[in-house]
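Open the model in your viewer and keep the selection panel at hand. The tour goes stop by stop.

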Amino acid sequence: MVNYFKKSRWFYYGLSILWILFLLLLAIKVSRSPLLSGPSVYVGFLLLALIGIVIFAAFANKIASGEMNQLIGILYQDCDPVQFVQEFAPVAAGHSRLNRFLEVNIQSIYAVGLLMGGWFDKAAGIGVLLETYIGKLKKPEQNAYLYLYLNWIFWEIGERDKALRYLNQAKEHLSRVNPSSRLYQGELQSIAMRECSVWVDQGEYNRALDFLAQHAGQNLRPAQLVYVMYRRAEIYHLTGNREKELECLHYIIDHGNRLYVVQVALRLLEQEQN
């Protein structure tokens, strides 16, 4: 993750260079002492250099994780995909050839920001990029993650058949993941949320509403709760429950900030008033 963020990158490179320069100066000083000369001493300096670089990389990754969480907060806490995309675009432009799953993770998050901002064409491009990673990830939880986001992207851009295939692939890979895995519970919940969209599409409204009612009671971030209300508004619109639909639309408008669904809610509200 170091390569994606300037602050962590400069922290890593800066400390690594200073550490190596310090060891070189120390090695020069030690070499002048007949008691401390010899190959074993230089091997020791080399090991110290490697240990230092590894430690600096670990600290830099912690800084990068903090920067990542801060950016994700713009999207999910502030409901501001416009600012998120502006700040995250340079991150997504970087490519990690050493870690495929990290690249999938970065591009998937970027695609979600694009979807939440209504830039569906750009999100579709990220979807095509993510498809190139099919069959290249080793762990089942990583593959479940990839297929989950592919489902999300292609469902939102209207390619429902492909999206359903990817959802089934996500469930298949998740079935081979140890339930104690760090990613398991999160992916299980995300798959259930994606299935809720399928239930709505297939007319299973009561099933979807029951799930959303249960989901809304959990500790959701503001943007997630807005999308729960949006899905409920969609169901109420389809079932003709105007009062509850309007309640959900007003919530979206009041709390959605710059999410694309706010524009959709405003259009639906205008149609209802006409």
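Buried means under 20% relative accessible area, exposed over 50%, and partly exposed in between, with a 1.4 Å probe and protein chains only. This is a predicted model, where local features need pLDDT of at least 70, side-chain atom pairs count only at pLDDT 80 or more, and totals for chains, interfaces and linings use all residues. Residues are numbered from 1 along each chain as its sequence is written, and side-chain values use heavy atoms, with hydrogens and water left out.

Select cysteine 79. Its relative accessible area is 2%, so cysteine 79 is buried. Cysteine 79 sits in the loop between helix 2 (39-76) and helix 3 (81-93). Helices are DSSP runs of H or I, at least four residues long, numbered from the N terminus. Now check the backbone: phi of cysteine 79 is near 55°, a positive value. Most residues other than glycine have a negative phi.

Go to asparagine 257. Here too phi is positive, about 50°, and the residue is not a glycine. Asparagine 257 belongs to the loop between helix 11 (242-255) and helix 12 (260-273). Asparagine 257 is partly exposed because its relative accessibility is 44%.

Cysteine 196 has 1% relative accessibility, so it counts as buried. Cysteine 248 has 2%, so it is buried. How many disulfides does the structure hold? It holds 0, a disulfide being a pair of cysteine sulfur atoms within 2.5 Å.

Last stop: glutamine 142, in helix 6 (residues 140-156). At 15% relative accessibility, glutamine 142 is buried. Show its contacts (heavy atoms within 4.5 Å). Leaving out residues up to four places away in sequence, glutamine 142 touches Phe101 and Leu137.

Note on methods. Helix = DSSP H or I, 4+ residues; strand = E, 2+ residues; numbered from the N terminus.
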